[in-house]
Every structure is written in C-alpha cells, then in structure tokens.
Amino acid sequence: MRTLIIAEAGVNHNGNIELAKRLIDAAAKAGVDYVKFQTFKASKLVSKDAIKADYQNQNTNNVKENQLQMLQNLELSIRDHHELIAYCNLRNVNFFSTAFDLDSLIFLQELGLKLFKIPSGELTNLPYLRKVASIANEIILSTGMSTMREIGDAIAVLRSISNAKISILHCNTEYPTPFQDVNLLAMNNIKKEFNVEVGYSDHTLGIEVPIAAVALGAIIIEKHFTLDRSLPGPDHAASLEPRELDAMVKAIRNIELSLGSAVKTPSPSELKNISIARKSIHLSVDKKKGDRLIAEDLEMLRPGDGISPMKMDEVIGRVVNVDLVAGHKLNINDLI
C-alpha cells in the first residue's frame, strides 16, 4: 500500500505568503502527497491569558508575548488560503490544512475539503469532534498526549454521527520529541484496538522514526518541514529542511517497495544466483564402475546445478555405472 505523506508546513510560513509558497515548492519537489497548513483565528483558539509552551518560548527567542499574540502573527487570511490552493494546483501537490476552531472547520468545508485532520489538542473537544463528524468524508485523528481511553471516546463521538473513514495517527506532542518517548509500538496497538488504519505524526529530529513507522505498517506519515531550522518561530527547530524532506520521501518509497507481499519465495532478481550460491553433491575420491557410494565419498561444492545436498541420503548406497574421478559433480545418470 502506498504511504500517504503529508508535509506539514504548519505555521512555518511565519505569516508571509511568499514564504508559504516557497514551502509549497519544496514539498512539491520532494514528491509528497499533501502540503498542510494550519487554519485558525487566534481569538477563537486561545484566551488572552494562555501562555506559550516551553518549546514555543525557546523557539521564538523568548519574545515577551503570550500565545494569543504569537498566533495572531501566524494567521492565514481567507485570501491567503485561496492563493495557496491555486499555487498548490500549479505545483501539482495537494493542499491540506488543519482547522483549530469551529469557524475554521466551516471555512475549510466551504473551500471544498473532504479530508479533515483533527489535531491532538482537539481530541477532547466535544463540539469540535461533532462538527468534524458532520462535515467530513474522511477523518485523520492525531493522538498526541492521549490515552487509549481518550482515543476510544473520541472515536465513539465521531462514529455516533458519521460513517466517515477514520485513520489514527500515533503522535507525541513535544517539539522535538525525545526518542525514548516515541513509543512507536503503540501505533499497531491502536490499530488492533480500534480496527482502523494507522499512521504516525512525527516530531522527532531526523527521518529515522517515520521510516521505521512505515516499516511497521504506517499508511500515513506527517512531518513538519521548514526552509531553514534557524528561522524564528515555534515549530522551525523541530522540522526537516528541504534536503531532509527529499531523503525521507525517497526512503519511505523504498521501504514500500521492500515490504513486498509477505510470501517467501525467490525473487526474480535472485533466481539467477541459486545455482551459483548453492552446492551440489560432488565426489571427493575416484570411483570405479560398480563401486557403492558411502558418505565419505561425497563432498558438497558449488555450483548448485547438480544433485542437491538435501538428497545426500538418497545417494548414499547407490552404485556408480561408470568410472568417475574425484571432483566430479554427480548427476542422476551416474547412478544405478
């Protein structure tokens, strides 16, 4: 199955539409399926008293602002959305966005989106869940900070309203996520528990973990990216740069090819090597016509285009019907 790769531009445009377009260029060049932004009205998302997370403070150089002020500078306007959708179409990559409030959900619906992503922070937001379920054809649910019970409660709300396909992303909401906190094996536990397709939304540094997730069965990978990790902004430091995004996409596509069908059989590329790498039964001593073979008369040597060593017990005790020299590769016509 082909992995759906979502390049998360998020708010790494820093409120600059031209930077957002350059992010689209990088995502399209890497060959991702979707480039994803974030749609919100800051005043509908956080209160004026909401503080920034530690990583947000660190990555915005501890600018003395609250979370509301930070997010107000990162909003995309209605015009921006239309411009970015048109630019994605021009660059042959799918536009996607996550809504963080009810009005933004309605706006994305009006833009024609059928696939909706529920971010980790909204997993316990009942009105939000109900609204997504009422408008989505397909839902991706991210599960950072959650327990299995909370995931089950969210799925129950969605399924009580909608028959939309639900996929779940295992996730850890720390930027960057320490490797010891990834708990990647939880992904397939989620799959088993809720009978859904699963993926992984990654906030670790590097590309190893999303590649491992695909090897374990993820069918969706979401990864933040930026043009430059040194840029100011809350998410740049935990994002891939373009060359890393390229490498991740290539590696995932290679992993997809390598997973195969699960049937163990010689591949077309290795068939030619069977006779070269395997062995056949050879004589270790000269034998005269009429001699009976014993185990000490036999040795196993390459190539493997004669009698298989697995048939050694069938050869022992047979009589040779012609004079043979040491090193001779036995064939069935030599024996009676």
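1. The axes of helix α10 (residues 208-216) and helix α11 (residues 242-259) come within 9 Å and cross at roughly 20 degrees, so α10 is roughly parallel to α11 (angles under 35 degrees count as such). Their crossing is right-handed, that is, the near helix is turned clockwise from the far one by less than a right angle. Axes here are lines fitted to C-alpha atoms over the stretch in contact, with angles from 0 to 180 degrees between N-to-C directions. Helices are DSSP runs of H or I with at least four residues, strands runs of E with at least two, both numbered from the N terminus.

2. From α10, P210, I211, V214 and A215 meet M248, A251, I252, I255, E256 and L259 of α11.

3. A word on the basis: this is a predicted model, with local features needing pLDDT of at least 70 and side-chain atom pairs pLDDT 80 or more, while totals for chains, interfaces and linings use all residues. Residues are numbered from 1 along each chain as its sequence is written, and side-chain values use heavy atoms, without hydrogens and water.

4. Now to strand β6 (residues 165-171), where six of the seven residues are buried (under 20% relative accessible area, 1.4 Å probe, protein chains only). Strand β5 (residues 138-142) runs parallel to β6, joined by five bridges; DSSP must find at least two for strands to pair. I140 has S167 as its bridge partner in β6.

5. β6 also pairs in the parallel sense with strand β7 (residues 197-202), over five bridges. There, H170 stands opposite Y200.

Definitions and conventions
Buried < 20%, exposed > 50% of the residue type's maximum accessible area, 1.4 Å probe, protein only. Parallel < 35°, antiparallel > 145°, perpendicular 65-115°, else oblique. Contact = heavy atoms within 4.5 Å.
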